[in-house]
Every structure is written in C-alpha cells, then in structure tokens.
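Welcome to this short tour. Please keep your viewer open and your selection tool ready, and we will go from stop to stop.

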Amino acid sequence: MEDPEITIKLTRDQATILSDWLERLQMTDLSNTVDDPAAWAPIHSIAGQLDKMLPALFFPDYDQRLEEARRRLRPIDDDGPQD
C-alpha cells in the first residue's frame with residue numbers, strides 16, 4: 001500500500017530560500033548533517049520539485065532575486081536600521 005501524498009504550501013520567497021538552502025546543503029559534507037540515509041529520498045524529492053517550480057533559479061539575475069527574497073523574509077529588527 002502506497003502512502004498518500006502530502007502537500008506543503010510555500011510562498012515563492014519561501015520556496016526560493018528553501019531551494020537555495022537545500023542546494024548548499026547538498027554541496028557540503030552531509031554525513032555530518034544528514035545521518036539517516038532514508039532522509040535523502042525526501043530531500044532529493046523536495047529539491048527536485050522546487051527546481052521544477054522555480055524557473056528563476058536559472059535566470060541571470062537569480063542572485064539578486066535570492067537576496068531580495070531573503071530581505072523580505074528576514075524578521076524585522078526593531079533596534080536596527082530598516083531598508
């Protein structure tokens with residue numbers, strides 16, 4: 001019997017940040033972070049779905065778009081300067 005699928009909803013900014021983080025995670029020594037081989041299946045599945053849903057990942061201005069998404073998602077620091 002197959003498990004039913006789970007749907008997770010993210011904003012485009014959230015998906016962009018998660019995609020970037022997963023990409024960086026996959027490029028590191030993951031044995032220190034992901035110690036359960038079974039965790040790789042969902043990590044690769046999520047990363048693959050995000051790649052399909054975010055064509056901006058391949059745009060020349062991706063770095064700028066990523067930084068804008070980060071800025072929008074960061075908590076507002078009440079004590080610091082605002083953009």
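Throughout the tour, contact means heavy atoms within 4.5 Å. This is a predicted model, in which local features need pLDDT of at least 70 and side-chain atom pairs count only at pLDDT 80 or more, while totals for chains, interfaces and linings use all residues. Residues are numbered from 1 along each chain as its sequence is written, and side-chain values use heavy atoms, with hydrogens and water left out.

**The whole chain**

Start with a cartoon view. The chain has three helices and zero strands, so called from DSSP runs numbered from the N terminus (helices: H or I, at least four residues; strands: E, at least two). Read from the N terminus, the order of elements is α-α-α. Of the 83 residues, 20% count as buried, where buried means under 20% relative accessible area, exposed over 50% and partly exposed in between (1.4 Å probe, protein chains only). Among contacts with a separation of 6 or more, 60% come from residues 24 or more positions apart.

**Helix 1 against helix 2**

Two packed helices are described by the angle between their axes and the distance between the axes. Select residues 12–26 for helix 1 and 40–53 for helix 2: their axes come within 10 Å and cross at roughly 130°. Axes here are lines fitted to C-alpha atoms, for helices over the stretch in contact, and angles run from 0 to 180 degrees between N-to-C directions. That makes helix 1 oblique to helix 2 (under 35 degrees is roughly parallel, over 145 roughly antiparallel, 65 to 115 roughly perpendicular, and the rest oblique). The crossing is left-handed, a term used if the near helix is turned anticlockwise from the far one by less than a right angle, with right-handed for clockwise.

Show side chains next. On helix 1, the residues that meet helix 2 include Arg12, Leu18 and Leu22, and their partners on helix 2 include Trp40, His44 and Met53. The residues of this contact divide into nine nonpolar, three polar and two charged (nonpolar: Ala, Val, Leu, Ile, Met, Phe, Trp, Tyr, Cys and Pro; charged: Asp, Glu, Lys and Arg; polar: the others, Gly among them).

Two residues deserve a click. Ser19 lies in helix 1 and is buried, with a relative accessible area of 7%. Beyond residues up to four places away in sequence, Ser19 touches Leu50, Asp51, Leu54 and Leu57. Leu25, also found in helix 1, counts as buried at 9% relative accessibility. Draw a C-alpha to C-alpha distance from Leu25 to Ile43: 9.8 Å in space, for 18 residues apart in sequence.

**Helix 1 against helix 3**

Now select residues 62–73 for helix 3; its axis and that of helix 1 come within 9 Å and cross at roughly 115°. That makes helix 1 roughly perpendicular to helix 3. This crossing is left-handed. The residues divide into five nonpolar, two polar and five charged.

Which residues is Asp20 in contact with, leaving aside its neighbours within four places in sequence? They are Tyr62, Leu66 and Arg70. Asp20 is found in helix 1 and counts as buried, at 11% relative accessibility.
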